[in-house]
Amino acid sequence: MKFTKFMPCLKTVSILCLICCFTLPARAANYYPAEIGNTWVFLRADGSEQRTYTLEAPENTNIEGLIGLKITNEVLGTDVSVTNTYLITVENDGGLLLHQSAVDQGALGIAEATFDPPVTFFPAELPLGRTWQIIIETQLKLAGAVTSTSTIEVVAIEDVETPAGVFEDCVKLEINQRDVTALAILRKTSYQ
């Protein structure tokens, strides 16, 4: 049985957060304001997948400033589509706090987690060497209890060339993920 990685969208969320929230005001403009109602569509370079990010007003909330981040991954030319949701707030300094997440793990189920108090999703300042962790404990339909620890480190500051132009001083993240279930311990390293 193949175990799908827990939090597969952490890397895509980090890209969105970097674009939306972490440009220095004195050096660059914020091209994608993090306001409710905004939608971004990203197409994979080979044209096989599309990701849509949508910022929405969450329903039935008593948390001031709560933003619903919905990320839909589609395999183009098929009916395969997965949607993950995150409830976040923006701190006064520009950092992001994660209050709740619901990540689709396919046949294993939906990995839901609520953070009380909320945890740092992305800090406002991301200098070279900055490290932080996100720890999630949840239950999956087939795997049972899962503890996922993502350790994120800023490993480089570099320019990124896109069809829209060159984005300067982008943060490169190394994400080391460790998922512990009753059946196995899974490790994965990815870069953003």
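## The six-stranded sheet

In this predicted model, 6 strands make up an open sheet whose order is β1-β2-β3-β4-β5-β6, with antiparallel pairing; strands, like helices, are DSSP runs numbered from the N terminus (E over at least two residues for strands, H or I over at least four residues for helices), and two strands pair if DSSP finds at least two bridges between them. The edges are taken by β1 (39-43) and β6 (110-122), each of which has a single partner strand, so one side of each is left without a neighbour in the sheet. From one strand to the next the twist averages 15°, where axes are lines fitted to C-alpha atoms and angles run from 0 to 180 degrees between N-to-C directions.

Strand β5 (residues 96-104) is joined to β6 by 8 bridges, the two running antiparallel. Within the sheet, aspartate 104 stands opposite isoleucine 110 in β6.

## The four-stranded sheet

A further open sheet is formed by 4 strands in the order β7-β8-β9-β10, again with antiparallel pairing. Here β7 and β10 (185-191) stand at the edges, and each has a single partner strand, so one side of each lacks a neighbour in the sheet. On average, neighbouring strands of this sheet are turned by 20° against each other, direction ignored.

The pairing of β8 with β9 is antiparallel and extends over 14 bridges, with glutamate 153 standing opposite glutamate 174 in β9. Strand β9 is also joined to β10, by 7 bridges and in the antiparallel sense; valine 180 stands opposite isoleucine 185 in β10, and a hairpin connects β9 to β10 through 4 residues.

## The largest nonpolar core

The largest nonpolar core holds 24 residues, of which Tyr86, Ile88, Phe121, Trp132 and Leu173 touch the most other members; such a core is a set of buried Ala, Val, Leu, Ile, Met, Phe, Trp, Tyr and Cys residues joined through side-chain atoms within 4.5 Å. Two or more residues come from each of β2 (49-56), β3 (67-75), β4 (81-90), β5, β6, β7 (131-140), β8 (144-162) and β9 (165-180). The most is given by β6, with 4 residues.

## Threonine 138

Threonine 138 lies in strand β7 and is buried, its relative accessible area being 10% (buried means under 20%, exposed over 50%, and partly exposed in between, with a 1.4 Å probe and protein chains only). The side chain of threonine 138 reaches the backbone oxygen of glutamate 112 at 2.6 Å.

## The protein as a whole

The protein contains 1 helix and 10 strands, and from the N terminus on its elements run α-β-β-β-β-β-β-β-β-β-β. Of its 192 residues, 38% are buried. Among contacts (heavy atoms within 4.5 Å) between residues at least 6 apart in sequence, 39% join residues at least 24 apart. The accessible surface comes to about 10800 Å², and 50% of this belongs to carbon and sulfur atoms; the areas come from the Shrake-Rupley method with a 1.4 Å probe.

## Basis of the values

Residues are numbered from 1 along each chain as its sequence is written, and side-chain values use heavy atoms, with hydrogens and water left out. For this predicted model, local features need pLDDT of at least 70 and side-chain atom pairs count only at pLDDT 80 or more, whereas totals for chains, interfaces and linings use all residues.

Terms used
A polar contact is a pair of N or O atoms within 3.5 Å; within protein, one must be able to donate a hydrogen and the other to accept it, and residues adjacent in sequence count only if both atoms are side-chain atoms.
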